[in-house]
Structure formats: C-alpha cells, structure tokens
Amino acid sequence: MKKLSFILLSAAFVYASCPEPSKFEEKLKEITQREWKVQAVSEVKDLGLCQVVVKRGLEPLVIYMDKDMNYLITGNVIDLKNGKNLTAETVRKYAKVSPEVLKELEKMTDLKFGKGDKYVYFISDPHCPYCNRLAPILKNWADKNDVQIRVIFYPLPFHKGADEKAASLICKKDVKYEELHTKDKPEKVCEEGMEKVKKNVEYLSKLGVTGTPTLIGMNGKVLVGLPRSEKQLDELVK
C-alpha cells in the first residue's frame, strides 16, 4: 500500500510540473513560425502556471503558459499580498551580459567621467530626451557612490544629426559631462569619430541594444530606460 501511494504521489508530481524548456521552444515556434531560446522555466505555484523566460535582446521576454501549453498569457503578474511585481523581478534577474561582453564594452568606451573602482556603462544618444533626463540623476548617484560613468555612444537612426554630434564629442579632447546631450551644432566631426560611432552601432545592435538610455553595470546587469529608484542603480555595481 505504501509503495502504491509513493507511485501515485510521484506520478502526480511529474504531472504537475512544467514541461522542459525545449517543449516551450517548440510551441512558440509553432505559434510564431520563428526560433526562440527559452532561458528558464519555473512554476508560479499559486496560479498553476509556468513562467517562461525567453531570450530577447538584452532584456528577456517573460510569458506565462498553462502546463498543457494551451494558453499563453502576457503582462505583469503582481503579488497583491506584498505589492511585488513578479514579472519585473524576473526580467531584472535575467537581464545580464557575460564577462566577455563586459571586456568588449571596456574597449568600446568613448568617454569616462569620475573615478573609483566601481563603474557603469552609459549607452547613450546625444539627442535622446530620456538620456538627457537620466544624465543628472546618474551623475548625482555616481558622485555619491564613487562610481565611474563610462559613456558609449549609440545614436538612433531617427535622431537626425545624432551620429555627427556623437562623433564630434569623441573627436573633442576635453568634454564636460554637461555637453553630452546638448543640441548645439557639432564643433568638429572627424573621420575617426564617425568610424567609431559606426562600430558602436554595429556591435551594440548585434548585442541586442534597441534603445537608449541603456545602463550596463560592472556585474553585467542591464537596466533599460529610466530607473525607478536609486536601488535599481545600486544593483548595477553590487
């Protein structure tokens, strides 16, 4: 009797568990007609759903499916008992680049501001309004915490003249932090600067950068867009 109970319990556990990542990859391919890489699958116990983390650029896509893969749900899951956004927490957990990528970013850095053993990469467009909003927030936080800001320019194609402005800042020997996002006419656009901007765009596009501002911490963690709190910035240098 005990043996039979154990078998039934084991069978129930297997049935209740989420399918392997490869099964979700097959299902997503069937739905979308394209290949997907599933990074992780876990069960959201209270909901009886599977949380599926899908590789997509620097930030993963988090979706939810039932265990039979008959239903797909997108959006944020919020635990109302404690107010936690479970989806956002998962995105932050898996939004990370490798040590090899960090080495490449170090070589690609265009400008550095501040000193200290800690640092963040600020991927920015000179004409990006959100980068302009982030710049003073980032500077104040960096100064308080002895964090060096390493700027890599990534001008977006729909910002006319942003590539030339980025190139002129690269060419200029002495750049002040406040000059990063002004819309002044470029002082000097050198060939080396334009070539560097082109390399930045090519590499970062392949990496999965789709917009600015994007911050990448010394630990590889990624933050896309404006931070909601200094705590999010702190997570980049832990």
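Modeller: Start with pairing: two strands pair if DSSP finds at least two bridges between them. Helices (H or I, at least four residues) and strands (E, at least two) are DSSP runs, numbered from the N terminus. This is a predicted model, where local features need pLDDT of at least 70, side-chain atom pairs count only at pLDDT 80 or more, and totals for chains, interfaces and linings use all residues. Residues are numbered from 1 along each chain as its sequence is written, and side-chain values use heavy atoms, with hydrogens and water left out.

Colleague: How many bridges join S7 to strand S9, and how do the two run?

Modeller: In general, strands of a sheet pair through backbone hydrogen bonds, either parallel or antiparallel. Here S7 and S9 (residues 147-153) run antiparallel, joined by 3 bridges. Within this pair, Lys-112 stands opposite Arg-150 of S9.

Colleague: In what order do the 5 strands of that open sheet come?

Modeller: The order is S7-S9-S8-S10-S11, and the pairing is mixed. Strands S7 (111-113) and S11 (222-224) are at the edges with a single partner strand each, so one side of each has no neighbour in the sheet. From one strand to the next, the twist averages 20°.

Colleague: Which strands does helix H5 lie across?

Modeller: Contact means heavy atoms within 4.5 Å. Axes are lines fitted to C-alpha atoms, for helices over the stretch in contact, and angles run from 0 to 180 degrees between N-to-C directions. H5 (residues 129-145) lies across S8 (118-124), S9 and S10 (214-217). Its direction is at about 175° to S8.

Colleague: What is the order of the open sheet of 4 strands?

Modeller: That sheet reads S1-S2-S3-S4, with antiparallel pairing. S1 and S4 (72-73) are its edge strands, each pairing on one side only. Helix H2 (residues 21-32) packs on this sheet and touches S1, S2, S3 and S4. The direction of H2 makes about 105° with that of S1.

Colleague: Which strands form a hairpin, and how many residues lie between them?

Modeller: S1 and S2 do, with 4 residues between them. Gly-48 in the turn has a positive phi of about 70°. The antiparallel pairing of S1 (residues 38-44) with S2 (residues 49-54) has 6 bridges. Ala-40 has Val-53 of S2 as its bridge partner. Further along, S3 (residues 61-65) pairs with S4 over 2 bridges, again in the antiparallel sense. There, Met-65 is bridged to Leu-72 of S4.

Colleague: Now the helices. At what angle do the axes of H4 and H7 cross?

Modeller: Two packed helices are described by the angle between their axes and the distance between the axes. For H4 (residues 99-108) and H7 (residues 191-207), the axes come within 11 Å and cross at roughly 165°. H4 and H7 are therefore roughly antiparallel to each other. The cut-offs: angles under 35 degrees count as roughly parallel, over 145 as roughly antiparallel, 65 to 115 as roughly perpendicular and the rest as oblique.

Colleague: Is the crossing of H4 and H7 left-handed or right-handed?

Modeller: A crossing is left-handed if the near helix is turned anticlockwise from the far one by less than a right angle, and right-handed if clockwise. H4 and H7 make a left-handed crossing. Residues in the contact include Val-101, Leu-105 and Met-108 of H4, and Tyr-203, Leu-204 and Leu-207 of H7.

Colleague: What angle do H6 and H7 make when they pack?

Modeller: About 120°, with the axes of H6 (residues 162-171) and H7 8 Å apart. H6 and H7 are therefore oblique to each other. The crossing of H6 and H7 is right-handed. Among the residues that meet are Ala-166 and Ile-170 in H6, and Met-194 and Val-197 in H7.

Colleague: How many salt bridges does a search of the whole structure find?

Modeller: The definition is a side-chain nitrogen of Lys or Arg within 4 Å of a carboxyl oxygen of Asp or Glu. The search finds 10. One joins Glu-104 and Lys-107, at 3.0 Å from N to O. These two are 3 residues apart in H4, so about one helical turn separates Glu-104 from Lys-107.
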